[in-house]
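Try each task before reading its solution.

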Amino acid sequence: MLQEDFSNSITSTLCQYACYKYISECDETKPTSVEQEEDNKKKKEEIKIRIKFLRNPYFDDHFDLTDLHLLSGKTLAWISKASSDNLSNNLQVIGWLFYKKYNRLLELCKEIGKMESTKVYKEVIEILKKESDKAEEDNKVILQNCVHLLSSAPLSDAELEDSMQIAIENCINKTQNKDVLAQKELFKNWERIREEKLEEQTKRLDRTRHIKMFEEKQKQLVSEEQRLWFFDNEEQIDLQIEEKEKLQDPWTANKGSKHKSNEDYIPPEILPKRK
């Protein structure tokens, strides 16, 4: 799918920054749709309808996601998973945390703990501690294990947001010229395709116009030929007229004969009565 294309590094880093800012600064609220608000305003009598089948509830974990924190966490986890650098690993931890995939989170924390080159940002540990306090008992144990694993790893001196801004600037400086050239080339291709389609349409219209002109010219030539060779083909034309008269509708012919007989009709003379 197009929304799962993480090939552009500028877009990916900007998405990481946007998701992180939303997760860290926006409060978690339950989404309310317009239909739910209208239903709450209007108190209607409950109507029960008998149905034949009752389908099992299905949640696809993709299009059915309505919680913006879950969406941001999933996006952050998926984008960060495409890269293997230190910053992406830290952001992937936050992504799986807010996506509430705690088993994936624990596996990732174990992998990070084994990596010698990975440095953990203090903001990641603080977010984990904050979420573990609000989590349920089963999930709290997993989150505490994650905090323990990441705390034992080397810590980074830089701040997470500053590192993200530096990564964005580096991606822009690295790939902006390439992206601009690719976009220019894309515009050229669009112009070329547009000219080709326009030329094809022009040829098609010209072909249709020429065919129509040829048909009209052919009709004119046939009419001119009949006019020029009328006396030579007079007998043949008379035969054609006779054949057409034979094919005439009999009802029309009878109607014409009746009309003709009515014209020849002479009314009888009425004599005066004798006294």
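The exercises below go from the whole chain to single residues, and the model they use is predicted.

**Exercise 1. Describe the overall make-up of the protein chain: how many helices and strands are there, and what share of residues is buried?**

Solution. Start with the secondary structure: the chain has 10 helices and 0 strands. Reading along the sequence therefore gives the pattern α-α-α-α-α-α-α-α-α-α. Next, turn to burial: 23% of the 275 residues count as buried. The accessible surface comes to about 23,100 Å², and carbon and sulfur atoms hold 53% of that area. Finally, look at the contacts with a separation of 6 or more: 73% of them join residues 24 or more positions apart.

**Exercise 2. Decide whether Thr13 is buried or exposed, and find which residues it touches.**

Solution. First locate Thr13, which sits in helix H1, residues 9-25. Its relative accessibility is 11%. Buried means under 20%, so Thr13 counts as buried. Then leave out residues up to four places away in sequence: Thr13 touches Ala167, Ile168 and Cys171.

**Exercise 3. Find which residues gather with Glu234 in a patch of negative charge, and classify the exposure of Glu234.**

Solution. Begin on the surface, where Glu234 gathers with Glu235, Asp238, Glu242, Glu243 and Glu245 in a patch of negative charge. Glu234 itself belongs to helix H9, which covers residues 234-246.

Conventions. Residues numbered from 1 in each chain as written. Predicted model: local features only at pLDDT ≥ 70, side-chain atom pairs only at ≥ 80, totals over all residues. Heavy atoms only, no water. Patch = residues over 30% accessible without salt bridge, like charges linked within 9 Å, V, L, I, M, F, W, Y side chains within 5 Å. Areas by Shrake-Rupley, 256 points an atom, 1.4 Å probe, with all protein chains shown as cover. Salt bridge = Lys/Arg side-chain N within 4 Å of Asp/Glu carboxyl O. Lys, Arg positive; Asp, Glu negative; His and termini not counted. Charge placed at Lys NZ, Arg CZ, Asp CG, Glu CD. Helix = DSSP H or I, 4+ residues; strand = E, 2+ residues; numbered from the N terminus. Buried < 20%, exposed > 50% of the residue type's maximum accessible area, 1.4 Å probe, protein only. Contact = heavy atoms within 4.5 Å.
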